[in-house]
Amino acid sequence: ELLQAEQPFAERHEMNRPILDADAVLLTVNAALPTKQLHEQFEQFGRWLNQLHETRGWRLDVGTLPVYLVLTHCDQLARPEDSFSQWMQRIEEGKRKIHDRFRAYLKDQGTAFGSLDVRLWATAIKRPALSDRPAKTEPFGVAELFRESLAAAADFQYRRYTSGRLLQNVTVGLLGLMLMLLLTVAFLFFYQPDQSIRLLDEKVQRLL
């Protein structure tokens with residue numbers, strides 16, 4: 001629903017706060033989709049990421065939020081005559097093409113995500129039958145994605161915490177400085193020397 005909305009964070013939605021408070025975001029796209037459908041999904045992703053970037057800017061959130069563009073169904077890229085290395089080459093080629101298309105779309109739209117760190121990943125829920133290896137039901141790239149995204153999320157969470165503490169310390173320091181300035185002004189106002197004494201001192205200085 002948020003991906004399809006024109007302004008996803010401008011309206012009240014129950015997923016707004018969890019996403020804005022998240023330490024990492026994963027967007028999944030089927031690697032075997034035709035080019036037209038991929039372009040449509042990129043448009044949704046680009047519009048949504050642009051809104052997320054702007055909303056995080058208004059909130060003064062910490063930069064470089066890890067966002068993973070995850071390619072799923074990579075097992076469908078394999079051909080029966082492919083070896084394992086050839087299948088990996090097809091995956092890397094698919095990642096490169098999708099990365100180039102996504103970047104080209106962002107360039108055409110003039111979109112820059114300074115507060116987002118967009119990363120590319122490939123996964124499959126099973127390993128296909130290859131010329132040199134049999135089919136397996138074990139996933140491909142899923143465990144690695146979990147480890148990578150959790151590590152990135154933990155790093156972002158730490159940076160968010162330290163940034164919050166730093167901002168708090170700076171705020172307290174500025175408030176303390178303002179209080180000292182106010183006390184100094186009040187002291188000078190209430191304890192300034194008597195006008196007659198000051199005039200007498202000036203006469204003495206002239207006589208000397």
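This is a predicted model: local features need pLDDT of at least 70, side-chain atom pairs count only at pLDDT 80 or more; totals for chains, interfaces and linings use all residues.
Helix H3, which spans residues 84-109, makes the greatest contribution to the lining, with six residues.

Leu181 belongs to helix H4, residues 142-190. With a relative accessibility of 52%, Leu181 is classed as exposed, because the cut-off for this class is over 50%.

Nine salt bridges were counted in the model. In one of them, Glu148 pairs with Arg119 at an N to O distance of 3.0 Å. This pair connects distant parts of the chain, since Glu148 lies in helix H4 and Arg119 in strand S3 (residues 116-122), 29 residues apart. Both side chains belong to a salt-bridge network that also includes Asp117. Glu148 is partly exposed, at 31% relative accessible area, and Arg119 is likewise partly exposed, at 27%.

A salt bridge also joins Arg127 and Glu138, with the closest N and O atoms 3.1 Å apart. Both residues lie in the loop between S3 and H4, so the contact ties together parts separated by 11 residues in sequence. Glu138 is partly exposed, with a relative accessible area of 38%.

Arg17 and Asp21 form a further salt bridge, in which the closest N and O atoms are 4.0 Å apart. Arg17 is exposed at 62% relative accessibility, whereas Asp21 is partly exposed at 35%.

Methods
Residues are numbered from 1 along each chain as its sequence is written. Side-chain values use heavy atoms; hydrogens and water are left out. Helices (H or I, at least four residues) and strands (E, at least two) are DSSP runs, numbered from the N terminus. Buried means under 20% relative accessible area, exposed over 50%, partly exposed in between (1.4 Å probe, protein chains only).
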